Amino acid sequence: MKFENTGIENQTAELSRLDDLMEKFKFIRASQWDYERVTYDRKFQIKGDIYYLRVQGYAIEGDVDSRYALIKLLPPILGKYYYPHGVEYGDDEHFPPSLVNQCQTILSQIKEELDKIQD
């Protein structure tokens with residue numbers, strides 16, 4: 001499920017500031033990066049099912065390994081984990097409305113914080 005019009009997509013931020021911001025909202029980047037792209041995930045467990053809210057971005061200046069890259073964010077997505085195949089993000093997936101609302105609230109809070117670091 002893609003979250004449209006969150007205000008996060010197309011925002012830019014320096015990687016080190018973005019890492020700190022996303023950690024504040026319990027997202028992890030871990031090893032999910034290469035020299036041009038980053039992926040932040042937040043895990044949710046609901047009634048035995050696992051879901052991931054994912055925020056991705058790519059470097060428009062610098063390299064991700066330098067921690068001084070300028071990252072442009074993409075639209076956030078929500079996926080459901082299936083063992084052993086991985087995470088599915090398709091439109092035919094069912095997501096609990098309470099989870100979708102929680103994700104929208106989190107994304108709204110991230111947008112507010114991104115606006116602050118843009119000033």
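At 71% relative accessibility, Asn-5 counts as exposed, since exposure begins over 50%. In this predicted model, Asn-5 lies in the segment that comes before β1, and its phi is near 55°, a positive value in a residue other than glycine. Although Asn-5 and Pro-76 are 71 residues apart in sequence, their C-alpha atoms are 9.7 Å apart in space.

## How α1 and α2 pack

Helix α1, which covers residues 15-24, packs with helix α2, which covers residues 97-118, at an angle of about 150°, and the axes of the two helices are 11 Å apart. Angles over 145 degrees count as roughly antiparallel, and α1 and α2 are therefore roughly antiparallel to each other. The crossing in which α1 passes α2 is right-handed.

On the α1 side, the contact is made by Arg-17, Leu-18, Leu-21, Met-22 and Lys-24, and these meet Ile-110, Glu-113, Leu-114 and Ile-117 on the α2 side.

## The nonpolar core

The largest nonpolar core of the model holds 29 residues, and those with the most contacts inside it are Leu-18, Phe-27, Leu-53, Ile-71, Leu-78 and Ile-110. Two or more residues are given to this core by each of α1, β2 (37-46), β3 (49-61), β4 (70-73) and α2. Of these contributions, the largest share is that of α2, with seven residues.

When its neighbours within four places in sequence are left aside, Leu-18 is in contact with Ala-13, Tyr-40, Ile-71, Leu-73 and Leu-114.

## The buried residues of α1

Within α1, the buried residues are Leu-15, Ser-16, Leu-18, Asp-19, Leu-21 and Met-22. The packing partners of the buried residues of α1 are β1 (12-14), β2, β3, β4 and α2.

## The loop between α1 and β2

Lys-26 follows α1 and is found in the loop between α1 and β2. Its phi is positive, at about 65°, although Lys-26 is not a glycine. With a relative accessibility of 59%, Lys-26 counts as exposed.

Glu-36 is found in the loop between α1 and β2 as well, and it too is exposed, with a relative accessible area of 54%. Apart from neighbours within four places in sequence, the residues in contact with Glu-36 are Gly-57, Tyr-58, Ala-59 and Val-64. Glu-36 and Ile-46 are ten residues apart in sequence, yet from C-alpha to C-alpha they are 33 Å apart in space.

## A cis peptide bond at Pro-84

The loop between β5 (77-82) and β6 (86-88) contains Pro-84. The peptide bond that joins Tyr-83 and Pro-84 is cis, with omega at about -5°.

How values were computed. Residues numbered from 1 in each chain as written. Predicted model: local features only at pLDDT ≥ 70, side-chain atom pairs only at ≥ 80, totals over all residues. Heavy atoms only, no water. Axes fitted to C-alpha atoms, helices over the stretch in contact; angles between N-to-C directions. Helix = DSSP H or I, 4+ residues; strand = E, 2+ residues; numbered from the N terminus. Parallel < 35°, antiparallel > 145°, perpendicular 65-115°, else oblique. Left-handed = near helix turned anticlockwise from the far one by under 90°. Contact = heavy atoms within 4.5 Å. Core = buried A, V, L, I, M, F, W, Y, C linked by side-chain atoms within 4.5 Å. Buried < 20%, exposed > 50% of the residue type's maximum accessible area, 1.4 Å probe, protein only.
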